Amino acid sequence: MHSKGKIVDAKNIMMVMVVGGLQGNKIEICAEGEDSQQAVKSLANYLFSIRPKDYINVIFLDVDGVLNSAKDGYSIKLSTDLHLKLLKRIVKATKAKIVLSSSWRIGWTPASRNLLNRFKDFGLEIMDCTPKLPESCRGDEIKQWLNDSEYEIGRFVILDDEADMAEFTAANLVQTDTKVGLQEKDAIRCIKMLKGHYRDGSTSSLSKNPFKI
């Protein structure tokens with residue numbers, strides 16, 4: 001492990017804990033041998049588990065096609081309770097904070113009022129909203145929020161029915177089916193990603209992740 005110009009032997013668990021527990025450290029993990037890739041992933045997950053406690057997980061949330069759907073006529077009343085129950089399940093399981101990336105964040109409209117009322121019904125809160133950037137895709141707006149945020153971000157997911165999330169599409173997007181909105185399989189995938197469990201065993205690429213791998 002390399003940190004701030006120093007080389008730390010990963011076999012020295014005490015030094016690993018000291019280096020991994022320092023907020024803001026950038027760490028590069030190197031390994032050689034037959035199982036080197038798995039060793040790097042295992043150590044990265046361990047370092048993430050001992051990160052400072054003020055790191056937060058984030059859900060970048062779309063509304064249309066996620067909390068409503070073609071099936072319910074894209075209801076601005078968000079009349080399908082299942083969608084909100086599943087969102088609540090994700091938040092409860094991961095302690096993630098919600099950042100609204102939907103177009104519903106723009107202006108004080110009947111739709112946005114309904115969103116806040118429905119969130120209140122289910123004990124959900126919006127921590128923040130992404131900025132509105134002209135001629136930019138939603139992924140770029142999320143990147144800007146990550147760059148500007150005062151919070152230290154652990155892991156994040158983008159819950160959206162659209163596919164273009166720029167550099168975050170492959171690693172961070174959970175794309176819902178706009179015909180039915182948020183489903184259990186989507187919620188399960190969000191929870192696994194926010195807890196660091198991926199189908200290929202890798203971790204997400206995060207703008208403010210303290211570990212450079």
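## A tour of the sheet and its helices

Start by selecting residues 110-121, which form helix 4. Helix 4 lies across strand 4, strand 5 and strand 6. Against strand 6 it runs at about 155°. Keep in mind that this is a predicted model.

The open sheet has five strands, in the order 6-5-4-7-8. Their pairing is parallel. Now colour residues 126-129, strand 6, and residues 173-175, strand 8. Both stand at the edges with a single partner strand each, so one side of each is left without a neighbour in the sheet. Going from one strand to the next, the twist averages 30°.

Move to strand 4, residues 55-61, and strand 5, residues 97-100. The two run parallel and are joined by four bridges. Which residue of strand 5 stands opposite Ile59? Select Ile98: that is the one.

Now go to the other end of the strand order. Select residues 184-194, helix 7. Helix 7 lies across strand 4, strand 7 (152-160) and strand 8. Its direction is at about 175° to strand 8. Strand 4 is also among the strands that helix 4 lies across.

Finally, show the whole protein chain. Its secondary structure comes to seven helices and eight strands. Of the 213 residues, 44% are buried. Switch to a surface view to finish. The chain exposes about 11,500 Å², with 51% of that supplied by carbon and sulfur atoms.

Note on methods. Residues are numbered from 1 along each chain as its sequence is written. This is a predicted model: local features need pLDDT of at least 70, side-chain atom pairs count only at pLDDT 80 or more; totals for chains, interfaces and linings use all residues. Side-chain values use heavy atoms; hydrogens and water are left out. Two strands pair if DSSP finds at least two bridges between them. Axes are lines fitted to C-alpha atoms, for helices over the stretch in contact, and angles run from 0 to 180 degrees between N-to-C directions. Contact means heavy atoms within 4.5 Å. Buried means under 20% relative accessible area, exposed over 50%, partly exposed in between (1.4 Å probe, protein chains only). Accessible areas come from the Shrake-Rupley method with a 1.4 Å probe; for residues, only the protein chains shown count as cover.
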